[in-house]
Amino acid sequence: LGVFHFEPIRLDQYSFLSSITSLFDSTHASVYIMNDESFSRIQSDGLVLLKGHYDGGDGAPLGVVFHDFRLYGGSFSNNNSKRLVAFVREATRLRMPIVWVFNTLGVRITENRTIFSEAFSVLPALMKFKESNLLITCAVGRCLGLGALLFGMGHYRLALQPDATVNLTGPEVIKLFFGEKFDFEDMASVSRQFSKNALIHELSDNKLKLFSRVREIIKFKTGVAFETDRKKAAATAVLRAMCDSFQELYPQGPASVRAYFGLVGKRRVGILCNPKNNTNNMMTVESLEKFRCALDLFKTLKLPVVSIVDTPGADPRIEQTDKNIVDALIKTTEAITMYPYPKMGVVAGRCFGGASVLTFPKIFGSEKVIALEGSQFGIMHEQIIEQLLSKSQRLLEERRENAKQQSADLSDLIKNGDVDALIPLDELYSQVEAFLSTSKFVSLYPPQRDSWEQLVSLDLIH
């Protein structure tokens with residue numbers, strides 16, 4: 001690491017960096033370069049590594065990795081890969097979030113096979129970084145080869161349409177081996193991939209709007225307050241009842257699961273919920289993947305999580321069976337069970353079948369599970385069970401006898417310890433507030449007198 005250093009620069013003095021200046025709160029930044037070099041566009045070798053701030057002055061640092069496509073197609077060389085690995089390790093030490101702006105052809109093919117060792121060493125360095133540090137990736141142009149792999153490692157992945165393309169190889173290779181009939185621009189377009197898979201979380205048609213969205217997300221890490229449009233349809237009454245403010249994440253994904261950053265007083269919390277106004281809300285492979293992705297982001301930020309559940313269960317239809325929804329449920333259960341920070345479940349309506357794991361059951365390490373008045377628990381809805389057993393009077397009577405122990409007040413579940421309380425909606429805020437106050441969480445607003453470096457050394461910033 002001693003081979004490189006941060007050199008202060010003014011971003012506004014370099015026109016080729018103008019597209020990323022909006023990521024920082026100031027034009028003052030530092031560039032990561034070799035000790036015996038001075039910064040220039042040529043010396044950057046197609047890859048610029050920056051450290052600035054995103055809450056002004058001497059506040060929280062932000063790392064930016066920027067591919068300069070006009071130099072070698074923004075490709076990974078032996079030299080810039082060494083510098084990149086050192087930068088990622090330095091960001092890990094500083095607990096500095098990284099925004100990675102991709103416009104790259106991948107590894108530099110002119111350096112032949114010697115490139116693999118250095119370029120691919122970025123992967124384990126980044127894996128280590130993202131265990132406890134926020135990584136936001138942005139595809140704004142070509143994102144090919146190694147670039148596609150690194151883009152996919154982001155906790156939050158945004159893309160610029162129609163300019164960006166993401167693929168394991170470029171159009172020339174596709175045409176060389178598979179002919180002119182393949183439309184690379186369509187096949188690798190971010191809009192197509194957004195509709196077909198979960199690689200891309202959000203699309204934007206404007207680079208300034210894309211970077212503005214990045215700043216909204218990343219500011220939450222250091223506790224900069226955010227505004228909430230409380231009139232949004234996705235903001236259900238339950239969500240409004242439990243938070244002072246909230247900000248939606250992954251809004252363009254499956255609607256049956258919503259994810260939010262929330263504030264309860266000055267305490268931060270991750271929120272997952274099934275919106276009450278969506279009568280379907282069946283869990284699909286896609287919605288469960290969104291659930292896990294948000295949970296992974298919350299884990300990186302060391303947040304307590306509240307899951308608000310209103311779902312009839314997992315989608316049993318053939319399309320979801322073909323996509324292996326069983327595996328998706330297993331992976332989601334594992335992610336919930338292994339989540340290392342406080343968990344709370346809220347049943348806000350229907351809670352049937354295997355999707356009940358989304359309530360963060362006590363057996364999966366949850367601190368608290370509560371239900372709102374009117375909630376329904378069960379293997380299936382009562383009417384469905386009655387219909388299934390209608391051809392066997394013996395089983396039907398046995399089931400009805402056992403059902404006598406169940407009541408609308410959920411006393412059987414409360415007695416068993418599966419549910420802590422049945423409450424009206426207006427008590428939800430106090431329940432969540434009590435849950436958050438039982439553990440030591442970093443306040444949304446760190447003391448201004450303490451520098452970022454002091455807070456990091458005291459392990460107060462996550």
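At a relative accessibility of 0%, S81 counts as buried (buried means under 20% relative accessible area, exposed over 50% and partly exposed in between, with a 1.4 Å probe and protein chains only). The model is a predicted one, in which local features need pLDDT of at least 70 and side-chain atom pairs count only at pLDDT 80 or more, while totals for chains, interfaces and linings use all residues. Residues are numbered from 1 along each chain as its sequence is written, and side-chain values use heavy atoms, with hydrogens and water left out.

Of its 462 residues, 51% count as buried. Among the contacts in the protein chain with a separation of 6 or more, 70% come from residues 24 or more positions apart (contact means heavy atoms within 4.5 Å).

Back to S81, whose place is in helix α1, residues 78-94. Setting aside residues up to four places away in sequence, S81 touches F76, E118, A119 and V122. Two packed helices are described by the angle between their axes and the distance between the axes. Helix α1 packs with helix α3 (residues 122-130) at an angle of about 10°, and the two axes are 9 Å apart (axes are lines fitted to C-alpha atoms, for helices over the stretch in contact, and angles run from 0 to 180 degrees between N-to-C directions). That angle makes α1 roughly parallel to α3 (under 35 degrees counts as roughly parallel, over 145 as roughly antiparallel, 65 to 115 as roughly perpendicular and the rest as oblique). On the α1 side, S81, L84, V85, V88, A91 and T92 meet V122, A125, L126 and F129 of α3. This contact divides into 8 nonpolar, 2 polar and no charged residues (Ala, Val, Leu, Ile, Met, Phe, Trp, Tyr, Cys and Pro count as nonpolar, Asp, Glu, Lys and Arg as charged, and the others, Gly among them, as polar).

From α10, the contact is made by V285, L288, F291, R292 and L295, and from α12 by I325, A328, L329, K331, T332, A335 and I336. By class, there are 9 nonpolar, 1 polar and 2 charged residues where α10 meets α12.

Strand β12 is mostly covered, with 6 of its 7 residues buried. With β11 (residues 258-264), β12 pairs in the antiparallel sense over 7 bridges (two strands pair if DSSP finds at least two bridges between them). In this pairing, L272 of β12 is the bridge partner of A259. The two strands form a hairpin with 2 residues between them, and G265 in the turn has a positive phi of about 65°. Strand β12 also pairs with β13 (residues 305-311), in the parallel sense and over 4 bridges. Here, C273 has I308 of β13 as its bridge partner.

Some backbone details deserve a look as well. Most residues other than glycine have a negative phi, and most peptide bonds are trans. R95, in the loop between α1 and β5 (98-104), has a positive phi, near 55°, and is not a glycine. With a relative accessible area of 27%, R95 is partly exposed. K302, in the loop between α10 and β13, also has a positive phi, of about 55°, although it is not a glycine. K302 counts as partly exposed at 23% relative accessibility. A cis peptide bond, with omega about 5°, joins Q161 and P162, and P162 lies in the loop between β7 (156-160) and β8 (165-167).

At 3% relative accessibility, I200 counts as buried. Neighbours within four places in sequence aside, I200 is in contact with F151, R157, A159, V190, Q193 and F194. The C-alpha atoms of I200 and Y156 are separated by 8.3 Å, with the two residues 44 apart along the chain.
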